[in-house]
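Hi everyone, thanks for coming. Today I'd like to walk you through one structure, slowly and in plain words. Please have a look at it with me.

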Amino acid sequence: MPKALSALWLAALIAVAANGAEAKRAHYIDLTGQFSRFVDETAAMEEEARVAQFRTRMDALLPGFYTPRDGTTPARFDARVAGALQEFPELRPRYEQAQREFPAAFAAGIQHFRKAFPGFAPDVPVYLLHSLGEMDGGIRELGGKNYLIFGADVIARMHDSHTLTPFLDHELFHVEHVKYFPECDEVWCALWIEGLATYAAEVMNPGADDRQLLLTSPRPIRSAVDASWPRAVCFTREKLHSSVEADINALLTGGPDAGDFPRRFGYYVGLRAAEELGREHSLAELAHMPPESVKAALASAIDRLIQKAGGCP
């Protein structure tokens with residue numbers, strides 16, 4: 001983690017202290033140390049036994065997270081665990097720095113978010129942990145309950161002083177948004193959830209660049225999509241009401257059904273649609289818009305984008 005990040009954490013801590021009672025640190029559960037201790041205590045074990053012990057010991061800390069899910073096979077999950085354990089010694093200095101400095105950054109992030117949503121406080125359990133490379137942050141449903149989870153391992157690899165505040169805004173926005181907009185199994189829902197969170201980070205951080213908006217991972221998205229924008233927005237419109245998992249994945253994760261569009265290109269299309277609606281609505285209005293209104297408004301916004309692009313082929 002760059003030295004510049006340490007300076008940011010220090011500045012955040014000073015800002016938090018200056019805000020007095022208002023800056024009371026948000027509560028979260030830190031499981032990062034348990035991962036470090038597991039690595040140390042099992043270093044001499046054979047890999048197969050070590051992975052089996054990991055699944056028993058670590059999953060008990062947050063049941064449902066450290067276990068195969070979302071279509072991951074047990075074999076693939078075990079390979080992820082083994083890889084994370086092997087790679088940890090190299091990552092450890094940055095990982096432990098993220099662990100130490102997260103409290104001040106998270107508290108400062110809450111304060112920044114409250115500028116747009118006064119009085120906000122996470123109403124879901126918040127965890128900081130080693131995510132086995134899964135995530136820097138996001139909401140996960142485990143056992144029928146939502147959790148806001150931050151992956152210290154991916155934060156240590158991906159984020160610095162340039163990206164941290166917009167990243168936290170994006171993730172905290174999901175917590176605010178889910179109160180009013182539950183997930184559904186159609187493309188339009190996923191497009192709205194991620195596109196609007198990206199738009200929220202843009203609005204709350206004027207002048208934010210694409211790296212800050214998480215639009216450069218795993219490669220730059222905007223330029224690749226803009227090069228064939230009419231085709232991209234028409235592809236999205238065609239899939240908008242699909243509940244086929246491959247269609248959702250095509251926009252949000254990539255894969256063969258995405259054609260030559262970059263992975264996660266739906267985040268950018270969703271951002272453009274949210275910007276279109278932002279001409280008529282405030283961020284708070286969009287965040288609190290009921291699902292049926294969103295469904296119609298989003299389709300209308302995409303139709304306007306298609307019209308501006310000259311129509312579909």
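Before we start, one idea: when we give an angle between two helices, we mean the angle between their N-to-C directions, with axes fitted to C-alpha atoms over the stretch in contact. Please also keep in mind that this is a predicted model.

Helix α9, residues 229–239, packs against helix α11, residues 265–277, at about 90 degrees, and their axes are 11 Å apart. Angles of 65 to 115 degrees count as roughly perpendicular, so that is how α9 and α11 sit relative to each other. Who makes the contact? On the α9 side you'll find W229, A232, F235 and T236, and on the α11 side F265, Y268, V269 and R272. Sorted by class, that contact has six nonpolar residues, one polar and one charged.

Now a second pair of helices. Helix α3 (residues 47–59) meets helix α4 (residues 74–113) at an angle of about 100 degrees, with 10 Å between the axes. These two are therefore roughly perpendicular as well. From α3, the contact uses E47, R50, V51, F54 and R55, while α4 brings P74, F77, D78, V81, A82, L85 and Q86. Here the classes are seven nonpolar, one polar and four charged residues.

Next, the sheet. Four strands form an open sheet with mixed pairing, in the order β1-β2-β4-β3. Which strands are at the edges? They are β1 (29–30) and β3 (137–142), each pairing on one side only. β1 runs parallel to β2, residues 126–129, and two bridges join them. If you click on D30, its bridge partner in β2 is L128.

Our friend α4 comes back here: α4 packs on the sheet and touches β1, β2 and β4 (145–151), with its direction at about 155 degrees to that of β2. Helix α6, residues 164–178, lies across β3 and β4, running at about 180 degrees to β4.

Finally, the inside. In soluble globular proteins, nonpolar side chains tend to be buried together. In this model, the largest nonpolar core has 100 residues, and those touching the most other members are F35, F54, L62, I149, F150, F173 and F265. As for I149, its contacts beyond four places in sequence include L62, F65, Y127 and L129.

Methods: Residues numbered from 1 in each chain as written. Predicted model: local features only at pLDDT ≥ 70, side-chain atom pairs only at ≥ 80, totals over all residues. Heavy atoms only, no water. Axes fitted to C-alpha atoms, helices over the stretch in contact; angles between N-to-C directions. Parallel < 35°, antiparallel > 145°, perpendicular 65-115°, else oblique. Contact = heavy atoms within 4.5 Å. Nonpolar A, V, L, I, M, F, W, Y, C, P; charged D, E, K, R; others polar. Core = buried A, V, L, I, M, F, W, Y, C linked by side-chain atoms within 4.5 Å. Buried < 20%, exposed > 50% of the residue type's maximum accessible area, 1.4 Å probe, protein only. Pairing = 2+ DSSP bridges.
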